[in-house]
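Subject: Structure handover

Hello,

Here is the structure we talked about. Please open it alongside this note.

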Amino acid sequence: MTGRRFAGVPGSVALVRAWTRNELHQRGTDLGTVEEAALVVSELATNAIRHSRSGHPGGSFLVELDIRPSMVRISVIDQGTDGKSVPMWGKKTDPLTEHGHGLNLVASLVERWTTITNNGHCTVTTDLPTLVPTAGGRR
């Protein structure tokens, strides 16, 4: 497992994508999975910045990648909210609205997801299956 903390500013989303791509490339993950993981981590990081204290001045969030033979586990740990807001998976949104589609997109790509709120933090974890078999028995 590898992890990295990022500043809770919009510019960090591009850094998260680049870091995720690099980590997965270094471990021989297929390109399709790398790109899907970059999309998933982008959405989760954006939500951490927009909807939690991670996006407040001085805020930050942690991204962890657990790269396994048949999947990539992506976790984003934010600094929590006021206690009234949690990620809304499967929420119906107007298809013409600008916002509100990210978690539905993530849910369509991942095999499983969990949301855990604990000690003022929210951890969103997704399991993204790899798309192409690779050497060494990887799926």
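Axes here are lines fitted to C-alpha atoms, for helices over the stretch in contact, and angles run from 0 to 180 degrees between N-to-C directions. Helices (H or I, at least four residues) and strands (E, at least two) are DSSP runs, numbered from the N terminus. This is a predicted model: local features need pLDDT of at least 70, side-chain atom pairs count only at pLDDT 80 or more, and totals for chains, interfaces and linings use all residues. Residues are numbered from 1 along each chain as its sequence is written, and side-chain values use heavy atoms, with hydrogens and water left out.

Helices first. Helix α1 (residues 12-26) and helix α2 (residues 31-51) have axes that come within 9 Å and cross at roughly 150°. The two are therefore roughly antiparallel (under 35 degrees is roughly parallel, over 145 roughly antiparallel, 65 to 115 roughly perpendicular, the rest oblique). Contact means heavy atoms within 4.5 Å. On the α1 side it includes Val13, Val16 and Leu24; on the α2 side, Val34, Val41 and Ile49 are among the residues. By class, this contact has 10 nonpolar, four polar and three charged residues. Ala, Val, Leu, Ile, Met, Phe, Trp, Tyr, Cys and Pro count as nonpolar, Asp, Glu, Lys and Arg as charged, and the others, Gly among them, as polar.

There are five salt bridges in the structure (a side-chain nitrogen of Lys or Arg within 4 Å of a carboxyl oxygen of Asp or Glu). One of them pairs glutamate 35 with arginine 21, with the closest N and O atoms 2.9 Å apart. Glutamate 35 is in α2 and arginine 21 in α1, so the pair ties together parts 14 residues apart in sequence.

Now the sheet. It is open, with five strands in the order β1-β2-β3-β5-β4 and antiparallel pairing (two strands pair if DSSP finds at least two bridges between them). β1 (2-7) and β4 stand at the edges with a single partner strand each, so one side of each has no neighbour in the sheet. Six bridges join β1 to β2 (residues 60-67). Phenylalanine 6 has phenylalanine 61 of β2 as its bridge partner. Seven bridges join β4 (residues 112-118) to β5 (residues 121-129). Tryptophan 113 stands opposite threonine 126 in β5. The β4-β5 hairpin has two residues between its strands, and asparagine 119 there takes a positive phi near 50°.

Finally, α2 lies across β2, β3 (71-78) and β5, running at about 15° to β3.

Best wishes
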